[in-house]
Amino acid sequence: MAEAVVRGRFPCTEELALTLAALQVQALHGDYLPADPKVVPDTVERYLSDKFLRSMPKDGMYQGKQVTSKAALTDYFNELHLQYSEEVCERHSALMGMSMVDAKHQYLRIVGKWKYASASLFSVSTPKRTPSAFILAVAEDSVAFLDSNTLEPFETYQYNEIANFGSTTSTVNLKVGSLVKLKNIILDTLEGPDIC
């Protein structure tokens with residue numbers, strides 16, 4: 001599930017993402033040590049989604065200037081990276097004394113509350129739907145299409161509604177409905193062999 005969080009396939013706010021990152025660091029490295037060179041530099045890239053690390057300034061401004069040049073954008077992302085690193089380190093230090101096992105359990109308790117936490121998640125797209133790119137969640141009892149931004153389901157099919165489900169290297173094919181009226185759904189993906 002940690003990979004799904006980092007890949008942006010888990011619905012979380014910036015606050016929750018920072019908390020989960022701190023719990024990951026605690027679970028893997030133990031108590032916070034301010035000068036530990038193996039923990040601090042890679043923390044942000046390993047435990048935070050690009051959704052946050054590559055987010056543009058809301059108003060397009062950084063330090064009072066419009067972010068238009070490559071240099072200004074690089075400065076902005078470096079500053080964002082530093083802010084997130086400091087925030088994760090601060091939250092990690094607040095976990096002082098929590099065992100590595102307890103940190104793992106806390107992390108799993110948080111992510112386990114999401115309905116699709118145990119589902120396999122895949123990036124798919126189709127020009128015939130809106131939104132055209134979304135997440136396919138293959139869960140224990142159903143297949144759902146999740147909005148890529150909110151990760152909320154916008155279409156769900158229980159397995160008893162699926163007549164056929166297969167994939168090739170570049171597509172996923174679902175036939176849903178009853179034998180009287182079947183609907184064929186073809187989705188493009190780079191993860192076809194992993195889906196079926």
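Tutor: What follows takes each label, sets the value against its definition and concludes.

Student: How do you know how far the coordinates can be trusted?

Tutor: This is a predicted model, in which local features need pLDDT of at least 70 and side-chain atom pairs count only at pLDDT 80 or more, while totals for chains, interfaces and linings use all residues. Residues are numbered from 1 along each chain as its sequence is written, and side-chain values use heavy atoms, with hydrogens and water left out. On pLDDT (the predictor's confidence in each residue, from 0 to 100), the protein chain has a mean of 83, and 88% of its residues reach 70 or more. Confidence is lowest in strand β1 (residues 61-62), with a mean of 62, and highest in β6, at 93.

Student: What makes a segment a helix or a strand here?

Tutor: Helices (H or I, at least four residues) and strands (E, at least two) are DSSP runs, numbered from the N terminus. By that rule the protein chain has seven helices and nine strands.

Student: Why is Gln 26 called buried?

Tutor: Buried means under 20% relative accessible area, exposed over 50%, and partly exposed in between (1.4 Å probe, protein chains only). Gln 26 has a relative accessible area of 0%, so the residue is buried. Gln 26 is in helix α2. Across the protein chain, 40% of the 196 residues are buried.

Student: What makes the pairing of Gln 26 with Asp 31 a polar contact?

Tutor: A polar contact needs a pair of N or O atoms within 3.5 Å; within protein, one must be able to donate a hydrogen and the other to accept it, and residues adjacent in sequence count only if both atoms are side-chain atoms. The side chains of Gln 26 and Asp 31 are paired at 2.9 Å, and the pair counts as a polar contact.

Student: Which residues does Gln 26 contact beyond its neighbours within four places in sequence?

Tutor: Contact means heavy atoms within 4.5 Å. On that basis Gln 26 is in contact with Asp 31, Tyr 32, His 92, Leu 95, Met 98, Met 100 and Ala 103. His 92, in helix α5, is at 3% relative accessibility and therefore buried. The His 92 side chain reaches the backbone oxygen of Gly 30 at 2.8 Å.

Student: Why is His 81 called partly exposed?

Tutor: The relative accessible area of His 81 is 25%, so this residue falls in the partly exposed class. His 81 also belongs to helix α5. Its C-alpha atom is separated by 6.5 Å from that of Leu 53, 28 residues apart along the chain.

Student: How do you know that Glu 15 and Arg 91 form a salt bridge?

Tutor: A salt bridge is a side-chain nitrogen of Lys or Arg within 4 Å of a carboxyl oxygen of Asp or Glu. The Glu 15 and Arg 91 side chains meet at 2.7 Å, N to O, and the pair qualifies. Glu 15 is in helix α2 and Arg 91 in helix α5, so this bridge ties together parts 76 residues apart in sequence.

Student: How many salt bridges does the rule give?

Tutor: The count is three. Glu 87 and Arg 91 form one of them, at 2.7 Å, N to O; both lie in helix α5, four residues apart, about one turn of the helix. Glu 155 is buried because its relative accessibility is 18%, whereas Lys 183, with a relative accessible area of 41%, is partly exposed.

Student: What makes a set of residues a nonpolar core?

Tutor: The set must consist of buried Ala, Val, Leu, Ile, Met, Phe, Trp, Tyr and Cys residues joined through side-chain atoms within 4.5 Å. The largest such core has 38 residues, and Leu 48, Tyr 84, Trp 114, Tyr 116, Leu 121 and Leu 146 touch the most other members. Its largest share, eight residues, comes from α2. A second, separate core of 15 residues includes Phe 122, Phe 134, Val 143 and Tyr 157.
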